[in-house]
Amino acid sequence: MNIAVVGHGNVGGTLARNWAKAGHQVVVGARNPDDEKLKPLAEVGVMISSLEDAVNGSEVILVATPPQIAEDLSRQFGDVSGKIIIDATNSVRTKPDPYPTAFHAFLDLTSAKVVKSFNTTGFENMQDPQYGEYRLEMFMAGEDDEAKEVARNLAKDCGFEDCIDFGGSDKVELLEKFALSWINLAIMQGEGRNIGFKLLRR
Ligand SMILES: NC(=O)c1ccc[n+]([C@@H]2O[C@H](COP(=O)([O-])OP(=O)(O)OC[C@H]3O[C@@H](n4cnc5c(N)ncnc54)[C@H](OP(=O)(O)O)[C@@H]3O)[C@@H](O)[C@H]2O)c1
């Protein structure tokens, strides 16, 4: 797929690498395409361009920025009808007022198919979801089945066992709370970032 990655830090940088390695055409849409921090990504086959060019040429847009810029991003994206936005942000410290999450802002301000995913675990687990014999799952929420199918396949491309459907748009805030639960255990309760949630069934 042609994937635009907006926000190339811990999460965006990791996913851009994973997806380029899996054979996707990945382009980072950067505020400053000459940023030295982008060189390692270019070396592994990730293309770098302006945000507008990256979005224009892509079917899928992964957003991994601070959540409060969702409204600005929606404006900069322009017409994204038919495209899929994957919102990986968490409104933990800041939120995109008046919206509770960036997902809600993208849903209201763009005509893209929006899915919340790649937000529930640390970026280290996106680099390597394998724990001994187990592989972690990713999670997703939203109404759009096509966007969910794409998120599921992209999660599998990162090595996740699956991408578990957490429900519709009404479950997006719960999915952010699930992310906060991981942050609570990993950071506040001192478990460390090498922990992950696994869904067991019988
Ligand atoms: N860290 C995690 O493990 C983790 C896990 C799941 C979800 N999340 C969520 O994912 C999001 C990103 O987290 P992160 O840890 O990857 O952050 P990060 O490493 O700080 O990267 C943030 C990225 O956003 C870009 N950015 C910031 N302000 C921008 C603006 N006004 N316009 C365009 N780009 C802008 C930054 O670009 P510059 O380099 O140009 O500043 C940078 O590439 C957050 O919402 C976070 O809650 C994080």
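The model is predicted, and local features are taken only where pLDDT is at least 70, side-chain atom pairs only at pLDDT 80 or more, while totals for chains, interfaces and linings use all residues. Residues are numbered from 1 along each chain as its sequence is written, and side-chain values use heavy atoms, with hydrogens and water left out.

**The ligand and its shell**

The shell around the ligand holds 22 residues, and those that come nearest are His8, Val11, Arg31, Thr65 and Phe123 (a residue is near a molecule if one of its heavy atoms lies within 4 Å of it). By class, the shell has nine nonpolar, ten polar and three charged residues, where Ala, Val, Leu, Ile, Met, Phe, Trp, Tyr, Cys and Pro count as nonpolar, Asp, Glu, Lys and Arg as charged, and the others, Gly among them, as polar.

| Protein side | Ligand side | Distance |
|---|---|---|
| Asn10, backbone N or O atom | oxygen atom | 2.9 Å |
| Val11, polar backbone atom | oxygen atom | 2.9 Å |
| Phe123, backbone N or O atom | oxygen atom | 2.9 Å |

On its own the ligand has 900 Å² of accessible area, of which the protein covers 73% (areas come from the Shrake-Rupley method with a 1.4 Å probe).

**The pockets**

Rolling a probe the size of a water molecule over the atoms shows where empty space is left. On a 1 Å grid over the protein atoms alone, a pocket is an open set of points with protein on both sides within 12 Å along at least five of seven lines, a cavity is a set where a 1.4 Å probe fits but cannot get out, and lining residues have an atom within 4 Å of a point.

Which space does the ligand take? The ligand takes the space of the largest pocket, in the sense that more than half of its atoms lie within 2 Å of the grid points. This largest pocket has a volume of about 1100 Å³, a volume being the space filled by probe spheres set on the points, which are joined across faces, edges and corners. Its lining counts 41 residues, and Val11, Ala64, Thr65, Pro66 and Pro67 lie nearest the centre. The helix α8 gives the most to this lining, with five residues.

The second largest pocket has a volume of about 220 Å³ and is lined by 14 residues, including Gly13, Thr14 and Arg17. Here α1 gives the most to the lining, with seven residues.

**The cavity**

A search of the whole structure finds one cavity of 30 Å³ or more, and the largest cavity has a volume of about 50 Å³. Among the residues that line the largest cavity are Thr120, Leu136, Glu137 and Phe197.

**Two backbone details**

Most residues other than glycine have a negative phi, and most peptide bonds are trans. The peptide bond from Asp97 to Pro98, however, is cis, with omega near 5°, and Pro98 is found in the loop between β5 (84–87) and α5 (102–109). Phe118, in the loop between β6 (113–117) and α6, has a positive phi near 60°.

Definitions and conventions: A polar contact is a pair of N or O atoms within 3.5 Å; within protein, one must be able to donate a hydrogen and the other to accept it, and residues adjacent in sequence count only if both atoms are side-chain atoms. Helices (H or I, at least four residues) and strands (E, at least two) are DSSP runs, numbered from the N terminus.
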